[in-house]
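Me: I would like to learn how to read the side-chain features of a model. Can we take them one at a time?

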Amino acid sequence: MMKINVANLADRPGEEIPFEFTTVAGEIDAIADTYSFEGDIVVRGVYVHTGRCYRFTGQISCTKSFVCDRCLEPSSLQQVHDFNEEFQRGSEPASGGEKTKIVNYFDGDVIDLSPVIRDVLLSDQPLNNICNADCRGLCLKCGANLNHGDCGCDRTVIDPRLAALQQLLKQNNSSIE
């Protein structure tokens, strides 16, 4: 797991200590229904004792695999997620206590970053899995992938509120001819 012993840092406030971890999605329980993280998840950063708490900043690098919601093609995407978390020794204040900042609490001399890394990975994902911003998706009539070329179908969508007007125009055009 991603555990850091901070016992030796208590008497060195302000000193930045680098860290690096390599893990996989299963080890930190970063599992989702509509995508997966393939290969290694690399976490790099620094931590510092501020005198009040321990601050961890860094980046998470990973590869996300998914099926595109528009074109239904398998895709993968390189991702980098930033994080900045504070850990404070002790327990969370009672429900009536004053909380001005979001702080993670820990006991002892070891801080486990696994829950924080999992939360950052899962919460930074977009709601839709799209292979690229220009994905044209599938034809609504024949189901062809429009990224591979135009299928030739007439995909004109007419507002149903104007359908009666279109019928009237067709009748007028046929009576003129």
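Me: Is Arg118 buried, partly exposed or exposed?

Reply: A note before the answer: this is a predicted model. Arg118 has 24% relative accessibility, so Arg118 counts as partly exposed. The cut-off for buried is under 20%.

Me: Which residue forms a salt bridge with Arg118?

Reply: Asp119 does, with the closest N and O atoms 3.6 Å apart. Asp119 is partly exposed too, with a relative accessible area of 43%.

Me: How many salt bridges does the structure hold?

Reply: The general idea is a distance test: a Lys or Arg side-chain nitrogen within 4 Å of a carboxyl oxygen of Asp or Glu. Here the structure holds five salt bridges.

Me: Which side chain meets Glu86 in a salt bridge?

Reply: That of Arg52, at 3.1 Å from N to O. Glu86 sits in strand S5 (residues 74–89), while Arg52 is in the loop between strand S3 (35–49) and strand S4 (54–67). The pair therefore ties together parts that are 34 residues apart in sequence.

Me: And what is the accessibility of Glu86 and of Arg52?

Reply: Glu86 is buried, at a relative accessible area of 8%. Arg52 is partly exposed, at 44% relative accessibility.

Me: Which residues are linked with Glu86 in a network of salt bridges?

Reply: Arg52 and Arg55 are linked with Glu86 in that network.

Me: What does Arg89 form a salt bridge with?

Reply: Asp109. The closest N and O atoms of Arg89 and Asp109 are 3.3 Å apart. Arg89 lies in strand S5, and Asp109 in the loop between strand S6 (104–106) and strand S7 (110–112). So this pair ties together parts that are 20 residues apart in sequence. Arg89 is partly exposed at 40% relative accessibility. Asp109 is partly exposed at 37%.

Me: On to rings. What describes a pair of aromatic rings?

Reply: Two values do: the distance of the centres and the angle of the planes. A search of the whole structure finds seven aromatic pairs. One of them is Tyr54 with Phe106, an edge-to-face pair with 5.8 Å centre to centre and 70° between the planes.

Me: Where do Tyr54 and Phe106 lie?

Reply: Tyr54 is in strand S4 and Phe106 in strand S6, so the pair ties together parts that are 52 residues apart in sequence. Both Tyr54 and Phe106 are buried.

Me: What are the centre distance and plane angle for Phe56 and Phe87?

Reply: They are 5.3 Å centre to centre and 80° between the planes. This aromatic pair is edge-to-face. Phe56 belongs to strand S4 and Phe87 to strand S5, 31 residues apart. Phe56 is buried at 0% relative accessibility. Phe87 is buried at 4%.

Me: Over which ring faces does Lys64 lie?

Reply: Lys64 lies over the face of Tyr35, at 4.6 Å from the ring centre. Lys64 also lies over the face of Phe66, at 5.2 Å from the ring centre.

Me: Now the core. Where do nonpolar side chains tend to be in soluble globular proteins?

Reply: They tend to be buried together. In this model, the largest nonpolar core has 29 residues. Those with the most contacts inside this core are Phe19, Phe56, Leu113, Ile117 and Leu121. Strand S2 (16–23), S3, S4, S5 and helix H1 (114–123) each give two or more residues to it.

Me: What is Phe56 in contact with, leaving aside its neighbours within four places in sequence?

Reply: Its contacts include Ile4, Phe19, Val46, Tyr47, Phe83, Ile111 and Leu113. Asn84, Glu85 and Phe87 are among them as well.

Me: Last, the cysteines. How many disulfides are there?

Reply: The test is two cysteine sulfur atoms within 2.5 Å. The count comes to zero disulfides.

Key: Residues numbered from 1 in each chain as written. Heavy atoms only, no water. Helix = DSSP H or I, 4+ residues; strand = E, 2+ residues; numbered from the N terminus. Buried < 20%, exposed > 50% of the residue type's maximum accessible area, 1.4 Å probe, protein only. Phe/Tyr/Trp six-rings, centres within 6.5 Å; stacked < 30°, edge-to-face > 60°. Lys NZ or Arg CZ within 6 Å of the ring centre and 35° of its normal. Core = buried A, V, L, I, M, F, W, Y, C linked by side-chain atoms within 4.5 Å. Contact = heavy atoms within 4.5 Å.
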